[in-house]
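Keep the structure open as you read.

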Amino acid sequence: MTSTLSRLPLPSFAFLLVFLVGFSHAQAGTPGVSPSAGENPHLHSDSECEKKLYQHLQNVIDPELDVNIVDLGIVRRVHCDEANNINIVTIILTSPFCPYIKNIVADIKEESKKLFPHNDAKVVVDTKTRWSPSNMSPRAKAKIWGGKE
């Protein structure tokens, strides 16, 4: 006998997991990271390059959840190494089995190249840090779970 969960396609199961885990975190009142509150902990040196790139990463949408990666809370660090002309974005995954990681990485590199065509773009996927729904902005939580921002 096959369980209902094993018959769900992976993206649906991942969304269900985010929903259920997020619901328990939302009920507990765990605050999310707010990139607009004071200094941004995701920027290496707070340079104009990093601020601009971080802002433009809002154009990268997670194809499964239809939320930008900044609001989703998967962007952990943005670093513009101006001496070596390279922009490095470190991200975490909402699921270790994310079927869209290649798309997200390609979109991040594309955004970086649009802004800084002479710089190389590198994306580091941090597999040691776990993502939690508490990483999401209020806007992402409202979009996924409904309600007010």
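How many residues apart do Lys51 and Glu48 lie in helix 3? They are 3 residues apart, about one turn of the helix. An α-helix has 3.6 residues a turn, so residues three or four places apart point the same way. Helices here are DSSP runs of H or I with at least four residues, strands are runs of E with at least two, and both are numbered from the N terminus.

Some ground rules come next. This is a predicted model, where local features need pLDDT of at least 70, side-chain atom pairs count only at pLDDT 80 or more, and totals for chains, interfaces and linings use all residues. Residues are numbered from 1 along each chain as its sequence is written, and side-chain values use heavy atoms, with hydrogens and water left out.

Lys51 and Glu48 form a salt bridge, with their closest N and O atoms 3.7 Å apart. A salt bridge needs a side-chain nitrogen of Lys or Arg within 4 Å of a carboxyl oxygen of Asp or Glu. Glu48 counts as exposed because its relative accessibility is 59%. Lys51, at 36%, counts as partly exposed. The cut-offs are under 20% relative accessible area for buried, over 50% for exposed, and partly exposed in between, using a 1.4 Å probe and protein chains only.

Helix 3 has a buried side too. Its buried residues are Cys49, Glu50, Leu53 and Tyr54. They cover an arc of only 125° around the axis, so they sit on the same side of helix 3. That arc is taken from the directions running from the helix axis to the C-beta atoms. On the other side, Glu48 and Gln55 are exposed. Helix 4, strand 3, strand 4 and helix 5 are among the elements covering the buried residues.

The largest nonpolar core has 27 residues. Such a core is a set of buried Ala, Val, Leu, Ile, Met, Phe, Trp, Tyr and Cys residues joined through side-chain atoms within 4.5 Å. Leu57, Ile69, Leu72, Val75 and Ile108 have the most contacts inside it. At least two core residues come from each of helix 3 (48–56), helix 4 (69–72), strand 3 (75–81), strand 4 (86–91), helix 5 (101–115) and helix 6 (138–145). In soluble globular proteins, nonpolar side chains tend to be buried together.

Look at Ile108. Neighbours within four places in sequence aside, Ile108 is in contact (heavy atoms within 4.5 Å) with Leu57, Val60, Ile69, Val89, Ile91 and Val123.

Salt bridges also span the chain. The count comes to 5. Asp66 pairs with Lys143, their closest N and O atoms being 3.3 Å apart. This pair links distant parts of the chain: Asp66 is in the loop between strand 1 (61–62) and strand 2 (67–68), Lys143 is in helix 6, and 77 residues separate them. Arg139 and Asp71 meet in another salt bridge, 2.6 Å from N to O. Here helix 6 holds Arg139 and helix 4 holds Asp71, 68 residues apart. Arg139 is partly exposed, at 41%. Asp71 is buried, at 4%. Shared partners join Glu110, Glu111 and Lys114 into one network of salt bridges.

Asn119 lies in the loop between helix 5 and strand 5 (120–125). Asn119 counts as buried because its relative accessibility is 10%.
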